[in-house]
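This report describes one protein model. It covers confidence, salt bridges and a surface patch.

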Amino acid sequence: MAKKRKPSSIKDAGDPKTFDLNFKGPVAKRSCTDVLCCIIFILCIIGYILLGLLAWVHGDPRRVAYPTDSKGHFCGQKGTPNENKTILFYFNLLSCTSPSVVINLQCPTTQICVSKCPEKFLTYMEIQFTYRTNKNYWTYYSQFCKSTFVKPAKTLTQVLLDDDCPIAIFPSKPFLQRCFPDFSTKNGTLTVGNKTTFEDGSGKTRNAIELRAAANRVNKILDARTIGMKIFEDYATTWYWILLGLIIAMFLSWMFVILLRYIAGLLFWVFMVGVIGIIGYGIGHCYQEYCNLQGQPNSHLTVYDIGIQTDISMYFQLKQTWFTFMVILCLLEVFIILMLIFLRERIRISIALLKEGSKAIGYIPTTLVYPLLTFIFLSICISYWAVIAVYLATSGVPVYKVITPEGQCKHENTTCDPEIFNTTEIAKACPGAQCNFAFYGGKSLYHQYIPTFQIFNLFVFLWLINFVIALGQCALAGAFASYYWALKKPDDIPPYPLFTAFGRAIRYHTGSLAFGSLILASIQIFRIVLEYLDRHLKEAQNNISKFLQCCLKCCFWCLETVVKFLNRNAYIMIAIYGKNFCMSAREAFNLLMRNVLKVAVMDNVTDFVLILGKILVTGCIGVLAFLLFTQRLPTIIEGPTSLNYYWVPLLTVIIGSYLVAHGFFSVYAMCVDTIFICFCEDLERNDGSTEKPYFLAPTLHGTLNKMQLVSQKQKE
């Protein structure tokens, strides 16, 4: 008979906390935790919604989709005078070689909306001569002027000053809703409209190469849209194949999770034998190369003797190099073998936990569906953030700035009014200057704080993303904790454990989850600020500042990794005991520190097996997608043809498959982490006696019993 223990509190030698002897699983009676943070979180969400409404009132995403003329009017927008004029026309495309194109992302020439692009060479001076004999030329030419003129009565100088009409037009074709010269190659020579040279309307002779250089300046701004349209076409052609690949990835992930219950140990030991064999082969190869260099001239030299060389192959002609490699590989081989010998029992714990995790998921299959809910929540957050960012970026009224072809005017980039610009002193002081549309903005209080709103939008977005992930971790941890603390599995598992755990997390622990998410979001926003400063101040930084910047990045990355690990375990403790975030994080940290060796080994083995599963699923789907999209399976199945970039759907399938596998295995990782935390708690709370039996599953208990990590009293 097992000796009965007095119902007194149990204290661990290294931990002052008192255990509840009647603990039988996740606490049912709870109270709200971290209420202040919950209130702040709710207020931020309300403010986020109000910001979205404010941006929706002031913003106009059409400003991104439609080209805009020099007056700030949309081309092709319904209900406007430009409804039937869908194409943007540049008065003088040759001026787009100006540095202003790069600085202001605007070509320093008048831009108007037209219904079609010009199809012939014509200059304003030619029109003045031919108007008396043939008025049809002027009728055709006048449609590219800002306003309708009865006849070309103005002189060329007056036209240039008033900026009413282009001084020349060229054969063009619409591209991305803009008129660009109709280039072609004839006998290896670049031509535009079958001409290599042409008059630019001001008495100068230009060639097609100059015109192409100007067009390329504008094209650099529009290249992203071109690629985007081609990518969209590829997605429209292959979307059902991509969907099929993701479904197959989901099926493979599901099968892998099931099979992992039976072959987790086999996978690990096969991998370790393979690693030992590969390192052994490396040692043999290094020894062979070392022996082959015996007697070779200059092979006895050292790295110090030859110094720094750009030709790396020179180092491989030295015996010292191969001897160093051989020593490093031998040390690594010995280290791995010793780790396997001395930690073999801990490794068996990890493998047993992996198998137990598969069994828990089998009893609570709804947990495999939860990643879909997380994906929906994350998609909503990302979409809302993107929409607000676009609306904020397009808020305001048109702002016009002075742009000159040479960029030498002292009034360059100053704001102006296009209605009265020609009568101002700026137009007289800067000949050829234009008052063109630059961007949308304003001087109101709202417009002045748009950058601040964008930062707030990004910060709340990061907070919500981390909160959604935290909610999923806490809900899954509660479900798997219910499984572990059921004495008779599966009979004692409460009904709907995932739904119950999700409800508890939302009702009682929103503040705690928001607290942990806030800490992580603050670190991430600091990292983003550092990246922003690094990119914009890269040229002005010296070596010391670059070194400090690199150190800060490394420190914040390490801090984020540590906080993620602590938060994850804190959420498990919250799901089990229902305490606030700080207390749960402290208890989780103390518990893990008392089992630090088990944690290190368990994490490494678990991470390896899960990474192996992700690589296996992603690799299988990636190979099949590559064979399909490159037309290498015509005898089995005919894939999509005429793709612009076959790598677009291929990368989408590979990344999507990895995310699908990651979603499944993140559930598995959370299951193993929760079972491990509960296992450590179970060993500290109970001794295997009749009064205090272990809650371990029989298979896990058998493994631990053989390793003498649990008491034998449970057998009595």
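Is K553 buried, exposed or partly exposed? K553 is partly exposed, at a relative accessible area of 23% (buried is under 20%, exposed over 50%, partly exposed in between; 1.4 Å probe, protein chains only).

## Basis and confidence

The model is predicted: local features need pLDDT of at least 70, side-chain atom pairs count only at pLDDT 80 or more, and totals for chains, interfaces and linings use all residues. Residues are numbered from 1 along each chain as its sequence is written, and side-chain values use heavy atoms, with hydrogens and water left out.

Mean pLDDT (the predictor's confidence in each residue, from 0 to 100) is 76 for the chain, and 74% of the residues score at least 70.

## Salt bridges

There are five salt bridges in the structure (a side-chain nitrogen of Lys or Arg within 4 Å of a carboxyl oxygen of Asp or Glu). One of them joins K553 to E531 at 3.7 Å, N to O. K553 belongs to helix α17 and E531 to helix α16 (residues 510-536), so this pair ties together parts 22 residues apart in sequence. Helices are DSSP runs of H or I, at least four residues, numbered from the N terminus.

E560 and K564 also meet in a salt bridge, at 3.5 Å, N to O. Both lie in α17, four residues apart, about one turn of the helix. E560 is buried at 8% relative accessibility, whereas K564 is partly exposed at 41%. R527, E560 and K564 are linked in a salt-bridge network.

## After helix α17

Just after α17, G578 has a positive phi of about 75°. K579 pairs with E587 in a salt bridge, their closest N and O atoms 2.8 Å apart.

Notes:
Helix = DSSP H or I, 4+ residues; strand = E, 2+ residues; numbered from the N terminus.
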